[in-house]
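Please look over the chain below, then follow its helices and strands one step at a time. Keep the 3D view open as you read.

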Amino acid sequence: MDNGQSLNKLLEFDNFVLSFQEPGLGQDACVEAYDKDDAVKHYAVSTVALAYRGPQYCADMAAAMVQDRREGALVLDVAAGTGLVGEELHKHGFKNIHALDGASQMLETCKQKGVYSDFIQCILLEGKQMPIANATYDVVAMSGATIENHLPPSSMQEFVRVIKPGGYFINCYRATIQDIEYGKEWLAEAARLEKTGKWKLYGRLNFRKYHVFSDGFVDIYQVN
């Protein structure tokens, strides 16, 4: 395969991933699209082909924040997908990881990874509460879900609710998200929560090659 063919194949993989972010698709249709066996398999292949490093960076930051408390820390992997973040967290020594996703087929894939201790099927709709008690988690980790049709900006209020005081929300996403309206609304809501004293921005890291076509950010918020 020559370079032109290789690039075209990579673009096909990226377009497949981007198809779940099509404006106006909506969360229900997005979950339905994910919830197909062939879509799950294609997604898994796409993340490898695109050298998707978001989960690695997300887990690296979670490990840095928790450090010597990793084995006892309880972590929620939001929009867990095929379990990439969970796998990376497990490599760092995390033993208590829960997977949350709206698509049952994605959660079935997570179960096969052998790194999660619980599975929660839940679509985070506007104003909807997760079936999780207050102040449950030491860390909520998320990679690749700060995109249209996946999570509304209001879901961050839920993350604040389920994270223990002093715990962290660690979010990895494409750098290009900040240039679209959805991304601007997401960052505005995060800033509002900081202004109202719910959490504070511990740090934002910019890194090269979120995947082959985009750089990325990792945002770290600490709950008050």
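Predicted model: local features only at pLDDT ≥ 70, side-chain atom pairs only at ≥ 80, totals over all residues.

The crossing of α4 past α5 is right-handed. Which residues of α4 and α5 meet? From α4 come P55, Q56, C58, A59 and A62. From α5 come L84, V85, E88 and L89. Sort the residues of this contact by type, and seven are nonpolar, one is polar and one is charged.

Now turn to the sheet. Strands of a sheet pair through backbone hydrogen bonds, either parallel or antiparallel. Here seven strands form an open sheet, and the pairing is mixed. Read across it, and the order is β3-β2-β1-β4-β5-β7-β6. Which strands are at the edges? They are β3 (118-121) and β6 (199-211), and each pairs on one side only. From one strand to the next, the twist averages 15°.

Take two neighbours from that order. Strand β4 spans residues 137-143, and strand β5 spans residues 163-174. The two run parallel, joined by six bridges. To find your place, look for A141, which stands opposite I170 in β5. Helix α4 comes back here, for it packs on the sheet. There α4 touches β4, β5, β6 and β7 (214-223). The direction of α4 makes about 155° with that of β5.

Next, move to the edge strand β3. Strand β2 (residues 96-101) runs parallel to β3, and four bridges join them. What do β2, helix α6 and β3 make together? They make a right-handed β-α-β unit, with α6 at residues 104-113.

Finish with another pair of helices. Helix α7 (residues 155-162) packs against helix α8 (residues 181-195) at an angle of about 40°. Their axes are 9 Å apart. The angle therefore makes α7 oblique to α8. Their crossing is right-handed. On the α7 side, S155, M156, Q157 and V160 take part in the contact. They meet W186, E189, A190, R192 and L193 in α8. By type, the residues of this contact are five nonpolar, two polar and two charged.

How values were computed: Residues numbered from 1 in each chain as written. Heavy atoms only, no water. Left-handed = near helix turned anticlockwise from the far one by under 90°. Contact = heavy atoms within 4.5 Å. Nonpolar A, V, L, I, M, F, W, Y, C, P; charged D, E, K, R; others polar. Pairing = 2+ DSSP bridges. Axes fitted to C-alpha atoms, helices over the stretch in contact; angles between N-to-C directions. Right-handed = clockwise from strand over helix to strand, strands pointing away. Parallel < 35°, antiparallel > 145°, perpendicular 65-115°, else oblique.
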